[in-house]
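Hi there,

Here is the structure I promised to pass on. My notes on what turned up follow below it.

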Amino acid sequence: QVQLQESGPGLVKPSQTLSLACAVSGGSIRTNYYYWSWIRQPPGKGLEWMGAIPYSGSAWYSPSLKTRTSISRDTSKNQFTLHLSSVTPEDTAVYYCARINYVTGSSSWGQGTQVTVSS
């Protein structure tokens with residue numbers, strides 16, 4: 001059974017770049033049929049899909065975050081990473097990584113990690 005675990009700083013200062021890693025076990029990130037995704041939930045708000053990287057390695061992003069978001073992967077470590085630049089307090093949220101099967105719609109999620117943007 002696949003497991004995902006987010007890691008990264010819990011506190012980031014405004015204007016800095018937030019970087020989070022998602023370590024995957026029990027499945028390869030090079031497997032077809034899956035989008036390896038980043039999703040966040042600001043306090044008191046709903047889930048927001050940020051972007052994804054499929055087995056091909058070509059990521060795509062939410063239009064609202066495209067200019068600030070980058071997702072990459074390290075196949076040797078079986079993990080993928082989110083970079084969000086020029087953060088503001090509005091980027092404070094719980095950040096989740098997830099594996100989404102684009103054929104069946106099923107998904108597996110990490111437990112989430114709280115990130116606070118504050119000086």
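Let me start at the surface: V103 is exposed (over 50% relative accessible area, where under 20% is buried and anything in between partly exposed; 1.4 Å probe, protein chains only), with a relative accessible area of 58%. V103 sits in the loop between β9 (93-101) and β10 (107-109); strands here are DSSP E runs of at least two residues, numbered from the N terminus. Together with Y33, Y55 and Y102, V103 makes up a nonpolar surface patch of about 420 Å² accessible area. Patch members have over 30% relative accessible area and no salt bridge, and nonpolar side chains are joined within 5 Å. A salt bridge would be a Lys or Arg side-chain nitrogen within 4 Å of an Asp or Glu carboxyl oxygen, and areas are Shrake-Rupley with a 1.4 Å probe.

Please keep in mind that this is a predicted model: local features need pLDDT of at least 70, side-chain atom pairs count only at pLDDT 80 or more, and totals for chains, interfaces and linings use all residues. Numbering runs from 1 along each chain as its sequence is written, and side-chain values use heavy atoms, without hydrogens or water.

Now the strands. β4 (residues 34-41) is largely enclosed by the rest of the structure, because six of its eight residues are buried. β4 pairs (at least two DSSP bridges) antiparallel with β9 over eight bridges, and Q41 stands opposite V94 there. With β5 (residues 48-54), β4 forms six antiparallel bridges; S37 has A52 as its partner.

Best wishes

Notes
Patch = residues over 30% accessible without salt bridge, like charges linked within 9 Å, V, L, I, M, F, W, Y side chains within 5 Å. Helix = DSSP H or I, 4+ residues; strand = E, 2+ residues; numbered from the N terminus.
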